[in-house]
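Please keep the sequence and the structure in view while reading.

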Amino acid sequence: MPERPQALLAMTARNVPHVFPPDLLARLRESVDVDPALVAHDFTDDRVRRVLARTEILITGWGCPRLDAAALDAAPRLRAVLHAAGSVKGFTTPEVWRRGIAVSSAAAANALPVAEYTLAMILLAGKNVLAARDLLRADRTHPYGDILPGVGNHGRRVGVVGASRIGRRLIELLRPHDLRVSLTDPYVDPAEAARLGVDLLPLDELLRGSDIVTLHAPDTPETRHLLGARELALMPGGSVLINTARGALVDHDALIAELRTGRLSAVLDVTDPEPLPADSPLFDLPNAFVTPHLAGSQGNEVARLGLTVVQEAERLSTGERLLYAVDQAALDRAA
């Protein structure tokens, strides 16, 4: 049996058993030599550095220390970073790419629960479920037999902002439903939009023509406050904004002002700042539904990230190419 390459875990230690439950950990250790009891949270630690000196594969996750020149100098044999989470922008540096180290991410696996959450919120918003629950709690009456105008998902117009992994996965999940889906993304051309089965629109037109707008763009200097007072004013009365991307995409002062008028509603899984201050009006506004950044992988979904890394490690061990390699050129416009 060929010698297994040395690997090292670099993430928040308490997350390891969730990312790699026993069956996955056993499978991982068939491909790499890794000690699950040694988890790097500081690359200057003496015990970590001894293993790092012979590490070929770094298995990272939330809480990974920054891979700067000093850390990489301590890992002269490192050839691959397998990230058991989404974005790698928080801990990689240009030095990683300069040294030709391959980087893989489980972002595609993390996209599924976010897309599922968003789909659920779109369908619930279309039925006005969140507001209806509050009214029922307050009035303790039920409109038996009445047809409620303006409620329902038949032909509901959904605008997707950003053809990211999550945006594309959401578009797939929306297909079986009787909805009209449009997309805005400066990097998508009409031919690609046609392949996705959506109408490609400029942002302003999408905002004007959508009952529900859902954000899936990255947080970059260009997208900061992508939706401000002007853009929010374009959304029709009664429409709903869903944000599962990054809080900074929305000017929260402008959003709060709109919500206070009662003209719009919002479903926010991400905010700016995050967490919100305890006195934020978003906690009390009846047309704001705020959740604590839980759309991404949680609970048993986290093991899906570990499975992606295990499969990538298996590909490395057999000489195959990484399926989820990160494209450095695309990082500037990625989450």
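## A pair of facing residues

The report begins with a detail of a sheet: A266 stands opposite A288, a residue of β11. The two strands concerned, β10 and β11 (residues 288-290), pair in the parallel sense over 3 bridges. The model in which this pairing is seen is a predicted one.

## Overall dimensions

The protein contains 13 helices and 11 strands. Its C-alpha trace spans about 70 × 45 × 35 Å along the principal axes. Of the 335 residues, 50% are buried. The protein exposes about 16700 Å², and carbon and sulfur atoms supply 52% of this area.

Strands β10 and β11 belong to an open sheet of 7 strands, with the order β7-β6-β5-β8-β9-β10-β11 and parallel pairing. Which strands stand at the edges of this sheet? They are β7 (199-200) and β11; each has a single partner strand, so one side of each is left without a neighbour in the sheet. As a general point, the strands of a sheet pair through backbone hydrogen bonds, either parallel or antiparallel.

Several neighbouring pairs can be followed in detail. Strand β5 (residues 156-161) pairs with strand β6 (residues 179-184) in the parallel sense, over 6 bridges. Within this pair, R157 has R180 in β6 as its bridge partner. Helix α8 (residues 165-174) packs on the sheet, where it touches β5, β6 and β8. The direction of α8 makes about 160° with that of β5. Further along the sheet, strand β9 (residues 240-243) and β10 pair in the parallel sense over 4 bridges, and N243 stands opposite L268 in β10. Together, β9, α12 and β10 make a right-handed β-α-β unit.

## The sheet of four strands

Another open sheet has 4 strands in the order β1-β2-β3-β4, again with parallel pairing. Its edge strands are β1 (7-10) and β4 (102-105), each of which pairs on one side only. On average, neighbouring strands of this sheet are turned by 15° against each other, direction ignored.

Strands β1 and β2 (residues 57-60) run parallel and are joined by 4 bridges. Here L8 stands opposite L58 in β2.

## The largest nonpolar core

In soluble globular proteins, nonpolar side chains tend to be buried together. The largest nonpolar core of this model has 26 residues, and those touching the most other members are L207, V213, L215, L232, L241, L255 and L259. At least two core residues come from each of α10 (203-208), β8 (212-215), α11 (229-234), α12 (252-261) and β10 (265-268). The largest share, 4 residues, comes from α12.

What does V213 touch, not counting residues up to four places away in sequence? Its contacts are G159, V161, L206, L207, M235, V240, L241 and I242.

## A buried loop residue

T92 is found in the loop between β3 (80-83) and α5 (94-98). Is T92 buried or exposed? The cut-off for a buried residue is a relative accessible area under 20%. T92 has a relative accessible area of 7%, and therefore it is buried. Leaving aside residues up to four places away in sequence, T92 touches R66 and W97. From T92 to A102 the separation is 10 residues in sequence and 11 Å in space, C-alpha to C-alpha.

## Backbone exceptions

Most residues other than glycine have a negative phi, and most peptide bonds are trans. A cis peptide bond joins D272 and P273, with omega about 5°. The bond from E274 to P275 is also cis, with omega near 0°. The loop between β10 and β11 holds P273 and P275.

R140 is exposed, with a relative accessible area of 69%. For H225, phi is also near 55°, and its place is the loop between β8 and α11. H225 counts as partly exposed, at 31% relative accessibility.

How values were computed: Residues are numbered from 1 along each chain as its sequence is written. This is a predicted model: local features need pLDDT of at least 70, side-chain atom pairs count only at pLDDT 80 or more; totals for chains, interfaces and linings use all residues. Side-chain values use heavy atoms; hydrogens and water are left out. A nonpolar core is a set of buried Ala, Val, Leu, Ile, Met, Phe, Trp, Tyr and Cys residues joined through side-chain atoms within 4.5 Å. Buried means under 20% relative accessible area, exposed over 50%, partly exposed in between (1.4 Å probe, protein chains only). Contact means heavy atoms within 4.5 Å. Two strands pair if DSSP finds at least two bridges between them. Axes are lines fitted to C-alpha atoms, for helices over the stretch in contact, and angles run from 0 to 180 degrees between N-to-C directions. A crossover is right-handed if, with the strands pointing away from the viewer, the path from the first strand over the helix to the second runs clockwise. Accessible areas come from the Shrake-Rupley method with a 1.4 Å probe; for residues, only the protein chains shown count as cover.
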